[in-house]
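Let's take a walk through this protein together.

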Amino acid sequence: MFNLATKLSRLARGRSHSPTVVRLFSTKLHHHFKPNPVALQMIDYAFSLSRSQKSDESYGQGLLVLEQCESNQHDGNSKGLVLLAMSTLLSERGNFLEAIEKLNTIKDLKVSSFPLRVATMEALAGLHLELGEDDTSSVIADVCLNDLDANKPELDDGFGSLNARARALKGLTELVQGNTDSSQSCFTGAEDNLGIGNDALSYAEFLHTTRDFETAKKLYENVIKGIPENKDYSDPYNLAAGNMVWEDILLAATCGLGQLESHMGNFGDAEEILTRALTMTEERFGSHHPKIGIILTCIALMFRHKATMEHSSSLMVQEGLYRRALELLKAPQLETEAVEQSKVYRKDIIALARGGYAETLCVQQNRKAVGEKMKRWAEGAWNNRRLSLSEALDLSKIIIIDARISRAL
C-alpha cells in the first residue's frame, strides 16, 4: 500500500493538467449505508434544475443547491453522496478539473460506505481517461482493487459485484492503453458477477474490439434494457458519478451497439441506432455540446464503412458530418503545434474525425492539398497505442468510440 501511495504521489507531481492527488481512504469500511432522504430530494431537485435549461446559469443554480445541501450533512457518507452529485453536474458542463476536485474531497471525509467509495474511484478514473491521463486512471483502478482486497471479509456477499466493477474499471484503463491481453485478464473470472452498468459496458467494448460480436451485442442490449428507470442515488449499489453515470452508460451502450451493427454490415440497423443515440445526446446535453460531435463522428464512420462495402459514394454526407463534428468538438486550427495538441480535450475523436475528413478531401483533386495537410495533423495528434490512424480507418480493423470517456478504443 505504501508503494502504491508513493506511485500516486509521483504521478500527481508529474501532471500539469489537473491538481490530482489520489489519497487513500483510511476509515473502516462497511457497505450498509442508508442515504439521507432530504439529501436525496435536494440532489434530485438540483439535477432537475440544472438540466431544465442546460445553461451555465441553470447549472450554477443546481450547484448552489448542492453546496447548501452538502453544508447541512453531518457525516462523511452523506457529504460524499452530495459531492458525487456535484461532480456529475460539473463534468456535464465540461468542468473536469472542478469535478475531480470534488471527488478528491471525498477522500478527506470519513466515508465508510464501500459502494460510495467504488463510485468515487470509478468517476475519478473516468474523468482522467477523458482528459487523456491514462497512467493516473490506471493507478486509481489499482487503488480501488487494493481497497477491496483488504476489506473482502467485511464485504461478505457484496464483494463479488463490487470486485467485478473494480476489475472492469481496470480492464477499461488497460483497453484504452491498447493492452488487450492485460484487459482480458481483468475480465476473466469476473463475468458471473457483472451487473448492467459500467462493468458490463466495458466488457462489451472489450469483446467488441476482439471481434466477439455476438456476445458483445448481447451485453450491449442487456445494458440498454437493464438501465433502471429510477436513476437516483437511493440505492448505494447503483451509485455512479462524473462521466460514468447511468445516463452516460445508456448513451455509450447505444452508441456502441450502433457501431457494432456497422462493423457487422447491418447498416440500416446501425443508422437507426446511432440516430437514436444522437437524439438521446441532444436531449441530455443540448444541441451544441461536444458529445454531439462524438456521435456525429460515429455516424460519419458508419457511412464511410457503408460506402466502401456497397461500392457507393457518400462523400458529401461524410464531409458534412465530419465538418459539423469538428466544430462541436472545438477542433484546433491545423497550424496548431504538437505541444499545443497535447492540451486538446477529446483528441482521440478529433484526430479520427479529421483523418476521415481528410480522406474525403484527398480523393477530390482540387482539394487534395488541404486534405493532405489535414491528414498530417490527424496523424500527429493520434496517440492510440493499439492501432495507427490508418489502421483505425481501415475496415479490416476494429476501432470503437466510447462515448462515456470520449476515447477511441
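What follows starts with the chain as a whole and then turns to its rings.

A word on the ground rules: this is a predicted model, so local features need pLDDT of at least 70 and side-chain atom pairs count only at pLDDT 80 or more, while totals for chains, interfaces and linings use all residues. Residues are numbered from 1 along each chain as its sequence is written, and side-chain values use heavy atoms, with hydrogens and water left out.

Now for the big picture. The protein chain has 20 helices and 2 strands; these are DSSP runs numbered from the N terminus, with helices (H or I) of at least four residues and strands (E) of at least two. Of the 409 residues in the protein chain, 57% are buried. Here, buried means under 20% relative accessible area, exposed means over 50%, and partly exposed is in between (1.4 Å probe, protein chains only). Take the contacts (heavy atoms within 4.5 Å) in the protein chain with a separation of 6 or more: 67% of them join residues 24 or more positions apart.

On to the rings. Rings of Phe, Tyr and Trp (its six-membered ring) pair if their centres lie within 6.5 Å; planes under 30 degrees apart count as stacked, over 60 as edge-to-face and the rest as tilted. That rule gives 5 aromatic pairs. One of them joins phenylalanine 96 and tyrosine 345: the ring centres are 5.5 Å apart and the planes stand at 65°, so this pair is edge-to-face. Because phenylalanine 96 belongs to helix H5 (residues 96–106) and tyrosine 345 to the loop between helix H17 (338–341) and helix H18 (347–362), the pair ties together parts that are 249 residues apart in sequence. Buried or partly exposed, what is each partner? Phenylalanine 96 is buried, at a relative accessible area of 3%, whereas tyrosine 345 is partly exposed, at 28%.

Tyrosine 203 and phenylalanine 206 make a stacked pair, with 6.3 Å centre to centre and 10° between the planes. Both lie in helix H11 (residues 198–209), 3 residues apart, or about one turn of the helix. Tyrosine 203 is buried at 13%, and phenylalanine 206 is buried at 5%. Ring pairs also bring in Phe187, making a cluster with Tyr203 and Phe206.

Finally, some rings have a charge over them (NZ of Lys or CZ of Arg within 6 Å of the ring centre and within 35 degrees of the ring normal). Arginine 51 has its charged end over the ring of phenylalanine 47, 4.6 Å from the centre. Arginine 354 lies over the face of tryptophan 377, at 4.6 Å from the ring centre.
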